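Grab a viewer and a pencil.

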Amino acid sequence: MTSLPLATGSSSADGRAGHHGEYKVPGGKLVVADFDVVHGVLANVSLSGDFFLEPDEALPEINRALTGLPADSTGAEMAAAVEAALPEDAVLFGFSADAVAVTVRRALAKATGWADHQWTIIAPSVLPTHVNVALDEVLTEEVGAGRRNPTLRFWDWEEPSVVIGSFQSVRNELHPEGVARHGITVVRRISGGGAMFMEAGNCITYSLYLPQTLVDGISFADSYAFLDAWVMAALEKVGISAFYVPLNDIATDQGKIGGAAQKRLANGGMLHHVTMSYDIDADKMVEVLRIGKEKLSDKGTRSAKKRVDPLRRQTGLARAEIVAAMMDVFTERYDATPSELTDAELDAARRRVEAKFGTAEWLHRVP
């Protein structure tokens with residue numbers, strides 16, 4: 001079962017609930033919020049942290065702006081209240097109004113941090129590509145329903161495949177002749193984003209299944225880099241200095257090495273999915289994928305081959321060594337424990353392939 005947030009508050013002698021929340025802004029400072037909830041509204045709000053704020057008088061203004069807000073206010077409503085209360089000349093360094101809202105909602109157990117969950121890791125195991133895609137939907141649902149702890153799963157597969165984004169057009173993304181010539185399995189996933197050309201051992205693919213509370217108050221755009229901060233540390237460990245190129249590309253100074261995609265479900269579960277190039281056959285890729293001039297020009301390059309900058313060449317390491325470094329960093333950062341796919345999850349994924357992911361109707365839902 002998914003663990004509950006740590007900062008849930010405690011009752012005091014007079015019946016008020018004392019709440020304490022902390023949020024370390026990615027690349028920024030620590031924000032701390034202490035307050036009570038009285039008759040459903042925030043009271044006695046006190047914001048603190050190692051951030052920088054000018055002028056000094058802005059801090060009590062933030063506290064006053066939050067005091068009296070309904071405890072069930074959304075993150076956007078809290079951030080808007082803070083923004084409205086700030087003096088015109090206010091300067092916030094290392095934090096933001098959104099960060100304040102995240103901190104308050106963490107204290108209310110409406111937002112969570114990495115340490116508030118018991119993370120697990122599923123090591124790579126060879127599965128059909130259709131099953132890998134179906135598992136993304138099944139495991140996201142399981143985490144959202146609280147039947148599985150938040151989980152990092154690494155993919156493995158054997159058949160050469162292309163996994164297209166949920167909203168991509170089959171005819172616009174693929175060369176039918178190349179697909180047939182190279183025996184490519186084509187699958188549509190539930191997340192958006194672009195097509196992934198995947199031969200056995202040519203890329204590193206992983207999926208994060210998490211509760212949406214982890215990204216509560218964080219913008220859609222910022223959530224990508226936030227959820228992959230551990231990956232940047234792992235790449236640094238193997239000698240690669242990587243960074244995010246908005247919205248969802250992972251790159252080095254030598255070019256793009258990967259891309260991310262996300263899907264948020266109605267039950268509160270969230271999928272964050274990443275594929276990184278390891279040793280892609282660029283000639284074969286362009287025979288299979290239609291990579292348009294518009295996309296290449298947007299990426300600032302003229303050749304599809306130049307967009308593929310394999311991790312093998314940049315590190316000199318075996319793919320398994322890079323995956324092991326990623327698993328080690330994730331384990332160390334989040335105290336994650338090993339896990340395995342259950343028979344029930346695998347059975348559910350196979351049924352989902354028969355009913356959805358393996359059907360022509362799903363594959364060609366965008367012709």
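This is a predicted model: local features need pLDDT of at least 70, side-chain atom pairs count only at pLDDT 80 or more; totals for chains, interfaces and linings use all residues.

Residues are numbered from 1 along each chain as its sequence is written, and side-chain values use heavy atoms, with hydrogens and water left out.

**Exercise 1.** Find which members of the largest nonpolar core touch the most other members.

Solution. Start with the term: such a core joins buried Ala, Val, Leu, Ile, Met, Phe, Trp, Tyr and Cys residues through side-chain atoms within 4.5 Å, buried being under 20% relative accessible area with a 1.4 Å probe, protein chains only. Out of 70 residues, the answer is L42, L66, W114, W230, M326 and F330. Next, take F330: beyond four places in sequence, its contacts (heavy atoms within 4.5 Å) include W114, W230 and D335.

**Exercise 2.** Work out how helix 8 and helix 13 are oriented to each other.

Solution. First locate them: residues 229-237 and 319-334, as DSSP runs (H or I, at least four residues) numbered from the N terminus. Their axes, lines fitted to C-alpha atoms over the stretch in contact with angles from 0 to 180 degrees between N-to-C directions, come within 9 Å and cross at roughly 130°. The pair is therefore oblique, the class left after under 35 degrees (roughly parallel), over 145 (roughly antiparallel) and 65 to 115 (roughly perpendicular). Among the residues that meet are W230 in helix 8 and F330 in helix 13.

**Exercise 3.** Is D216 buried or exposed?

Solution. D216 has 16% relative accessibility, so D216 counts as buried. Its contacts beyond four places in sequence are V102, R105, K110 and A111.

Notes. Buried means under 20% relative accessible area, exposed over 50%, partly exposed in between (1.4 Å probe, protein chains only). Helices (H or I, at least four residues) and strands (E, at least two) are DSSP runs, numbered from the N terminus.
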